[in-house]
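Have a look at the model before you start.

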Amino acid sequence: MEGMGQKRRPLVVMASSSSTAAAAAAARGGANPLAELSDRFKSMEAGLRAWLAKQPTHVEAAVATAVGVVQGGALGGLMGTLTPDGGSPFPVPQPPPGADSSAMASFKQAQALAGGPLVQARNFAVMTGANAGISCVMRRIRGVEDVQGSMAAAFGSGALFSIVSGMGTPNPVANAITTGVAFAVFQGGFFMIGQKFSQPPSEDIYYSRGRNMLKKLGLQNYEKNFKKGLLTDQTLPLLNDSALRDVKIPPGPRLLILDHIQRDPELAKSN
């Protein structure tokens with residue numbers, strides 16, 4: 001009997017462990033792990049944006065550039081590894097004999113786009129990092145994302161891409177300017193087309209500065225609260241805790257909004 005009791009103890013322990021695990025799962029309410037992970041990621045992203053909005057321009061630009069470099073490097077490396085032998089699906093062009101300097105520069109850039117994983121990772125990292133950093137600076141300076149800022153970022157990224165991919169070619173400055181202008185023209189065209197097809201309703205023009213402020217803080221979900229309370233751009237310098245409370249914005253976001261308005265001279269002054 002004593003031996004049988006000892007043999008039953010592990011079964012009792014296992015049953016107890018199973019009951020504990022089931023109770024823990026029930027306590028979690030059967031939540032979807034992917035949904036929880038997505039919510040945590042969105043919360044971290046909103047916190048990072050709110051923190052960056054309080055930092056000087058050079059800090060936000062440095063972080064944006066670093067993130068762009070990592071993303072571009074990963075994308076370029078992936079593109080280089082998806083093709084046989086780590087190269088491009090297109091044949092690598094070879095310069096004809098006796099080609100002039102401009103033709104050599106074009107061939108160099110075409111070879112850079114057809115390079116292996118490391119070459120493409122380097123080129124895309126430079127291009128996306130420069131674009132993200134310049135876009136951040138232009139947005140801070142101009143207070144809005146517009147076609148001028150987009151074209152300036154495209155020019156800088158195109159020029160740097162030309163310098164990196166066309167090393168050793170004659171007239172690198174002229175080639176960089178030409179490539180930058182081409183990038184800026186294409187980016188400006190795409191920006192205008194996208195803006196035309198995603199034009200906001202006419203009444204939204206009265207909330208443009210408030211919308212940009214909320215996006216910087218990661219609080220864009222409260223844009224509807226601003227519209228419901230008719231808190232237009234002209235009311236931003238007059239906002240206080242009571243007004244934000246009346247439109248049912250929680251205490252934490254209220255503090256972030258008021259602090260941002262006090263720090264931003266463009267929002268703090270009357271229109």
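**Exercise 1: a helix pair**

Helix 3 and helix 5 are roughly antiparallel to each other, a label for angles over 145 degrees. The model is predicted, with local features needing pLDDT of at least 70, side-chain atom pairs counting only at pLDDT 80 or more, and totals for chains, interfaces and linings using all residues. Residues are numbered from 1 along each chain as its sequence is written, and side-chain values use heavy atoms, leaving out hydrogens and water.

Task: at what angle do the axes of helix 3 and helix 5 cross, and within what distance do they come?

Solution. Start with the geometry: the axes of helix 3 (residues 57–81) and helix 5 (residues 117–142) cross at roughly 150° and come within 6 Å. Next, the hand of this crossing is right-handed. Finally, sort the contact by class: 12 nonpolar, 13 polar and 3 charged residues.

**Exercise 2: another pair**

Task: describe how helix 6 and helix 7 pack.

Solution. Take the axes of helix 6 (residues 147–165) and helix 7 (residues 172–197), which lie 7 Å apart at an angle of about 145°.

**Exercise 3: positive phi**

Task: is Leu 230 buried or exposed?

Solution. First locate Leu 230, in the loop between helix 9 (223–228) and helix 10 (241–246). Its phi is near 55°, positive although Leu 230 is not a glycine. With 60% relative accessibility, Leu 230 is exposed (over 50% relative accessible area, 1.4 Å probe, protein chains only; buried is under 20%).

Conventions:
Axes fitted to C-alpha atoms, helices over the stretch in contact; angles between N-to-C directions. Helix = DSSP H or I, 4+ residues; strand = E, 2+ residues; numbered from the N terminus. Parallel < 35°, antiparallel > 145°, perpendicular 65-115°, else oblique. Left-handed = near helix turned anticlockwise from the far one by under 90°. Nonpolar A, V, L, I, M, F, W, Y, C, P; charged D, E, K, R; others polar.
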